[in-house]
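The following briefing concerns the protein chain shown below. Please read it alongside the sequence and the model.

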Amino acid sequence: MKKFMDEFKEFAFRGNVLDLAVGVVIGSAFTAIVTALVNYIIMPLVGILTGGTDIQGLSVEVGGAKLEYGAFLQAVVDFILIALVIFVFIKLINNAANKFKKEEEVVEEIEIPIAEQYLKEIRDLLAEDKKNLTK
């Protein structure tokens with residue numbers, strides 16, 4: 001039983017599992033924010049454009065069944081908006097990361113004076129000759 005618990009601890013507290021847990025929690029919170037945006041800001045505006053019709057309440061009766069296609073349309077709108085917001089968010093993060101990376105590359109690409117380059121080559125050649133003489 002102790003071996004099982006040790007393996008479980010190793011699994012549960014490994015970086016990937018913790019990263020995944022954090023991602024799920026943040027994703028849930030982010031979904032709640034976007035859902036509130038859709039329900040309380042965007043959909044009322046859509047309702048104004050459609051003459052006050054609540055999309056989620058749209059339905060049709062076929063035979064004895066009531067098909068509530070409005071709930072499906074609402075889910076599609078939610079998905080599209082969540083995907084759009086995530087896309088924009090990721091794009092902003094990637095742009096910021098690329099700018100940071102480019103700044104790092106500029107710092108690393110400092111021009112070494114030609115005289116210093118020659119001195120390094122001479123040093124390397126002397127070190128190589130020394131190795132060859134000691135063999």
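**Briefing on the predicted protein chain**

The protein chain exposes about 11700 Å², of which carbon and sulfur atoms supply 68%; accessible areas come from the Shrake-Rupley method with a 1.4 Å probe, and for residues only the protein chains shown count as cover. This is a predicted model, in which local features need pLDDT of at least 70 and side-chain atom pairs count only at pLDDT 80 or more, while totals for chains, interfaces and linings use all residues. Residues are numbered from 1 along each chain as its sequence is written, and side-chain values use heavy atoms, with hydrogens and water left out.

**Overall form**

- The protein chain has a radius of gyration of 31 Å, whereas a compact globule of 135 residues would have one near 14 Å (taken over C-alpha atoms; the globule rule is 2.2 Å times the number of residues to the power 0.38).
- Along the principal axes, the C-alpha atoms of the protein chain fill a box of roughly 100 × 55 × 25 Å.
- The C-alpha atoms of T50 and D6 are separated by 59 Å, and these residues are 44 residues apart along the chain.

**Secondary structure**

- Four helices and two strands make up the secondary structure of the protein chain, and their order from the N terminus is α-α-β-β-α-α.
- Helices (H or I, at least four residues) and strands (E, at least two) are DSSP runs, numbered from the N terminus.

**Burial and the nonpolar core**

- Of the 135 residues in the protein chain, 8% are buried (buried means under 20% relative accessible area, exposed over 50%, partly exposed in between, with a 1.4 Å probe and protein chains only).
- The largest nonpolar core has six residues: V34, V38, M43, I55, L81 and I82 (such a core is a set of buried Ala, Val, Leu, Ile, Met, Phe, Trp, Tyr and Cys residues joined through side-chain atoms within 4.5 Å).
- Helices α2 and α3 each supply at least two residues of this core, and α2 gives the most, with three residues.
- Leaving aside neighbours within four places in sequence, L81 is in contact with V34, V38 and I42 (contact means heavy atoms within 4.5 Å).

**Two individual residues**

- Q74 lies in helix α3 (residues 69-108) and counts as buried because its relative accessibility is 5%.
- Not counting residues up to four places away in sequence, Q74 touches V38, N39, M43, I55 and Q56.
- T50 belongs to the loop between α2 (15-49) and β1 (60-62), and T50 is partly exposed because its relative accessible area is 40%.
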